Amino acid sequence: GLLLSWRRLRIGIDGGGFQRVEALDAEGEGVAAHVWHISVGGGARVWHGLELGGVVDSGQIYAAGVGVPEPGDRRLPWSAVGASAAWRWSAGRIQFATEIIGLWPIQRQSFVVDGERRSGVGPSLRPSVAVSFQFL
């Protein structure tokens with residue numbers, strides 16, 4: 001990701017994709033899926049190393065039936081908004097950070113598993129730890 005900071009303010013962009021995953025039963029029937037997402041967020045230092053902010057996350061999951069009589073595929077977009085809290089500290093030009101992001105879905109998809117309709121994922125938490133280097 002890319003993180004830009006100026007005085008007490010920060011803005012960042014991050015994204016990624018996940019390797020294709022297959023989940024098959026003993027008969028070789030199941031699903032293959034992969035996911036990508038992008039997040040944009042910002043924050044402000046409110047006290048010493050404590051930073052509070054917000055984030056917008058969006059992405060897509062693609063899944064296809066494998067080894068089934070009538071294979072189908074589907075792309076499902078999602079989007080979420082959330083809040084973040086981080087603690088950042090520096091040692092010279094190296095900066096360390098620990099952060100937690102809480103997301104609430106705006107767009108909730110549903111899917112069918114073995115003929116049963118299920119709703120999409122609800123709120124989620126993303127903890128992280130990072131080390132960065134200051135170039136300027």
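View 1. With a relative accessible area of 6%, Glu-51 is buried (under 20% relative accessible area, 1.4 Å probe, protein chains only). This is a predicted model in which local features need pLDDT of at least 70, side-chain atom pairs count only at pLDDT 80 or more, and totals for chains, interfaces and linings use all residues. Residues are numbered from 1 along each chain as its sequence is written, and side-chain values use heavy atoms, leaving out hydrogens and water.

**View 2. Glu-51 meets Arg-10.** Here the two side chains form a salt bridge at 2.2 Å, N to O (a side-chain nitrogen of Lys or Arg within 4 Å of a carboxyl oxygen of Asp or Glu). Glu-51 sits in strand E4 (residues 50–66) and Arg-10 in strand E2 (residues 9–24), so the pair links parts 41 residues apart in sequence. Strands are DSSP runs (E, at least two residues), numbered from the N terminus.

View 3. Arg-10 is buried at 11% relative accessible area, and Glu-99 counts as buried at 16%.

**View 4. Glu-51 meets Arg-88.** Have a look at the salt bridge between Glu-51 and Arg-88, 3.1 Å from N to O. Arg-88 lies in strand E5 (residues 73–91) and Glu-51 in strand E4, so parts 37 residues apart in sequence are tied together. Arg-88 is buried, with 15% relative accessibility. Shared partners join Arg-10, Glu-51, Arg-88 and Glu-99 into one network.

Technical notes:
Helices (H or I, at least four residues) and strands (E, at least two) are DSSP runs, numbered from the N terminus. Buried means under 20% relative accessible area, exposed over 50%, partly exposed in between (1.4 Å probe, protein chains only).
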